Amino acid sequence: MPFSLVMESPARPGPPLARLAWLLLRYGRSGELVRKLPEWVALFAQVQAGPEGAEQLKMLIRYLLLVGDEGTQEAAGRVLNSVLGEHRAEELMRSYGEELIERGRQRGLEEGLARGREEGVTRGRAEDILRILAARGVPVGEEARQRILSCTDTATLDRWFDKALNATTLSGVLDVLAQ
């Protein structure tokens, strides 16, 4: 018998968690997972019946929800219903769903803050350029002012800033962009 067929058997010796984890890793990102999940209900039940079964089952379901598509999620829900009953399965799926939503919210918040900091830095640098030019008595028209304020490239703003420190004309600052 080929080695892979022996390894894929849910009846293979070893702790239920190890067997089920191996199968989930083996098929987790394949199209076969949805078809295979119902075959492993007994293993899910054995994991659930273990001393830390509830936590281990949560870990396995999290993996399925993470790697699986909608079909996998539905199949995992049916397996959980078989093992836990509808009410407990819903609680488990809902609590993980809420956790995912919170993680997404936190990630979005962090990305928004990072973007805001970056925009604040470039806006501040652009305003500094305009202040230096004003202090040096270099006239800045509205079009050039908008060009400076709308620039979001930090390297360009840094070059303009350095040029503005010694500028006598606006073209001596903004011409750096063409180089």
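R125 counts as partly exposed, at 26% relative accessibility; here buried means under 20% relative accessible area, exposed over 50%, and partly exposed in between (1.4 Å probe, protein chains only). The model is a predicted one, in which local features need pLDDT of at least 70 and side-chain atom pairs count only at pLDDT 80 or more, whereas totals for chains, interfaces and linings use all residues. Residues are numbered from 1 along each chain as its sequence is written, and side-chain values use heavy atoms, with hydrogens and water left out.

The side chain of R125 meets that of D158 in a salt bridge, at 3.1 Å from N to O. R125 belongs to helix 7 and D158 to helix 9 (residues 154-164), so this pair ties together parts that are 33 residues apart in sequence. D158 is partly exposed, with a relative accessible area of 32%. A salt bridge requires a side-chain nitrogen of Lys or Arg within 4 Å of a carboxyl oxygen of Asp or Glu, and by this rule the count comes to four.

Two further salt bridges can be followed within single helices. R123 is paired with E127, the closest N and O atoms being 3.0 Å apart. Both residues lie in helix 7 (residues 86-135), four residues apart, about one turn of the helix. R123 is partly exposed, with a relative accessible area of 42%, and E127 is likewise partly exposed, at 36%. In helix 5 (residues 53-67), E55 and K58 are three residues apart, again about one turn of the helix. Their side chains meet in a salt bridge of 3.4 Å, N to O. K58 has a relative accessible area of 29% and is therefore partly exposed.

The wider architecture is as follows. The protein chain contains 10 helices and zero strands, where helices (H or I, at least four residues) and strands (E, at least two) are DSSP runs, numbered from the N terminus. Read along the sequence, the pattern is α-α-α-α-α-α-α-α-α-α. Of the 179 residues of the protein chain, 31% count as buried. A contact means heavy atoms within 4.5 Å; among the contacts with a separation of 6 or more, 56% are accounted for by residues 24 or more positions apart.

Helix 2 (residues 16-27) and helix 4 pack at an angle of about 135°, with their axes 9 Å apart. The axes are lines fitted to C-alpha atoms, for helices over the stretch in contact, and angles run from 0 to 180 degrees between N-to-C directions. Helix 2 and helix 4 are therefore oblique to each other, since angles under 35 degrees count as roughly parallel, over 145 as roughly antiparallel, 65 to 115 as roughly perpendicular and the rest as oblique. The contact is made by P16, L17, R19, L20, L23 and L24 of helix 2 together with L43, F44, Q46 and V47 of helix 4. These residues divide into eight nonpolar, one polar and one charged; Ala, Val, Leu, Ile, Met, Phe, Trp, Tyr, Cys and Pro count as nonpolar, Asp, Glu, Lys and Arg as charged, and the others, Gly among them, as polar.

Helix 4 (residues 41-49) also holds Q48. Q48 is buried, with a relative accessible area of 17%. Not counting residues up to four places away in sequence, Q48 touches G53, A54, L57, V83, L84 and R88.
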